[in-house]
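Please consult the sequence and the model below while reading.

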Amino acid sequence: MSNREAENRRGVFVASLLALFAFWSLLAWAKGDPSVLPGPLAVGPLILQEAASGELFVHLSATLVRVLLAFGVAMGIGTALGLVMGQSRRLNQWLDPWLVVFLNLPALVTIVLCYLWIGLTETAAILAVALNKIPAVTVTMREGARALARDLDDMAQVFAMPRLARLRHVIAPQLAPFFASSARSGISLIWKIVLVVEFLGRSNGIGFQIHLYFQLFDVGMVLAYALSFIAVMLIIEAVILQPWERRAARWRLA
């Protein structure tokens, strides 16, 4: 991507966000009741207030740690399952019904069952989130394994390429776009489920704070905490995930 294209992309992104905030301000003005729908100028100071007290960063970090742990577990297990299912037709026939069941199992049911069976612990929280994402990762990586070019693998074998080198130079580049796509879509799903997990059974985190202020009917603070974490995830998306996905798919355009 050229510098001009990158600048245009950033410009559109910023303009789109500004339009969203303008639309939010218009809705708040039309409603005329800050207790029901406060505008950006009312929520902004609340975010700064929580940041100054340190409370915002405590809960942001707790949620972010849960997101990263669940993300790592889901990507690791889902990738392994997807690869073996994509390469083994018989194993895929046996595991595909399981995959369909878990794909259609509501996240709320998984969370509640994990809390009931394991208890209101960090282990239950991370497991509940990971279980909701593993099937989606598995499906994507299974398609990636099925799309592997057999002729490239045959060529690597003819030239007696070592197994590690074959994995690095032949298999990994073909799987990278599928892995990057799964990671990018997965992180957005995982953090939303983490908030539900915290809402239902944790004593800290953004979801816990949203639950607290929900009980107090404080819409402004609910928006303040929600928007703070959305901002963090937007930064991760723009700085890490989008460039990674473009880099992973670059070889296809060469």
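How many helices and how many strands are there in the protein?

## Overall fold

The protein has 11 helices and 0 strands. The model is a predicted one. Along the sequence, the elements follow the pattern α-α-α-α-α-α-α-α-α-α-α. Of the 254 residues in the protein, 33% are buried.

## Helix H4

Helix H4 covers residues 89–103, and its 15 residues should span 21 Å at 1.5 Å a residue; the C-alpha atoms at its ends are 20 Å apart, in agreement with that expectation.

In soluble globular proteins, nonpolar side chains tend to be buried together. The largest nonpolar core here holds 38 residues, and the members that touch the most others are Val 67, Val 129, Ile 190, Val 197, Ile 206, Tyr 225 and Phe 229. At least two residues of this core come from each of helix H3 (55–87), H5, helix H6 (122–146), H8, helix H9 (206–215) and helix H10 (219–248). H8 gives the most to this core, namely 10 residues.

Helix H8 also contains Ala 183. With a relative accessible area of 0%, Ala 183 is buried. The C-alpha atoms of Ala 183 and Thr 140 are 10.0 Å apart in space, although the two residues are 43 apart in sequence.

## Salt bridges

Side chains of opposite charge can pair when their charged atoms come close. The structure holds 6 salt bridges. In one of them, the side chains of Arg 66 and Glu 198 meet at 2.6 Å, N to O. Because Arg 66 lies in helix H3 and Glu 198 in helix H8, this pair ties together parts that are 132 residues apart in sequence. Both Arg 66 and Glu 198 are buried.

A salt bridge also joins the side chains of Glu 122 and Arg 202, at 3.0 Å, N to O. Glu 122 lies in helix H6 and Arg 202 in the loop between H8 and H9, so the pair connects parts that are 80 residues apart in sequence. Glu 122 counts as partly exposed because its relative accessibility is 32%, whereas Arg 202 is buried, with a relative accessible area of 16%. Arg 66, Glu 122, Glu 198 and Arg 202 are linked in a network of salt bridges.

Arg 142 forms a salt bridge with Glu 143, with the closest N and O atoms 3.9 Å apart. Arg 142 is buried, with a relative accessible area of 8%, while Glu 143 counts as partly exposed at 34% relative accessibility.

## A nonpolar patch on the surface

Which residues form a nonpolar patch on the surface? The patch consists of Leu 108, Val 112, Leu 116, Trp 117, Ile 118, Leu 127, Val 196 and Leu 200, which together have about 770 Å² of accessible area. Helix H5 (107–118) and helix H8 (163–201) each supply at least two residues of the patch, and the largest share, 5 residues, comes from H5.

Val 196 is found in helix H8. Why does Val 196 count as partly exposed? The reason is that its relative accessibility is 35%, and the partly exposed class lies between under 20% for buried and over 50% for exposed.

How values were computed:
Residues numbered from 1 in each chain as written. Predicted model: local features only at pLDDT ≥ 70, side-chain atom pairs only at ≥ 80, totals over all residues. Heavy atoms only, no water. Patch = residues over 30% accessible without salt bridge, like charges linked within 9 Å, V, L, I, M, F, W, Y side chains within 5 Å. Areas by Shrake-Rupley, 256 points an atom, 1.4 Å probe, with all protein chains shown as cover. Salt bridge = Lys/Arg side-chain N within 4 Å of Asp/Glu carboxyl O. Helix = DSSP H or I, 4+ residues; strand = E, 2+ residues; numbered from the N terminus. Buried < 20%, exposed > 50% of the residue type's maximum accessible area, 1.4 Å probe, protein only. Expected span 1.5 Å × (residues − 1). Core = buried A, V, L, I, M, F, W, Y, C linked by side-chain atoms within 4.5 Å.
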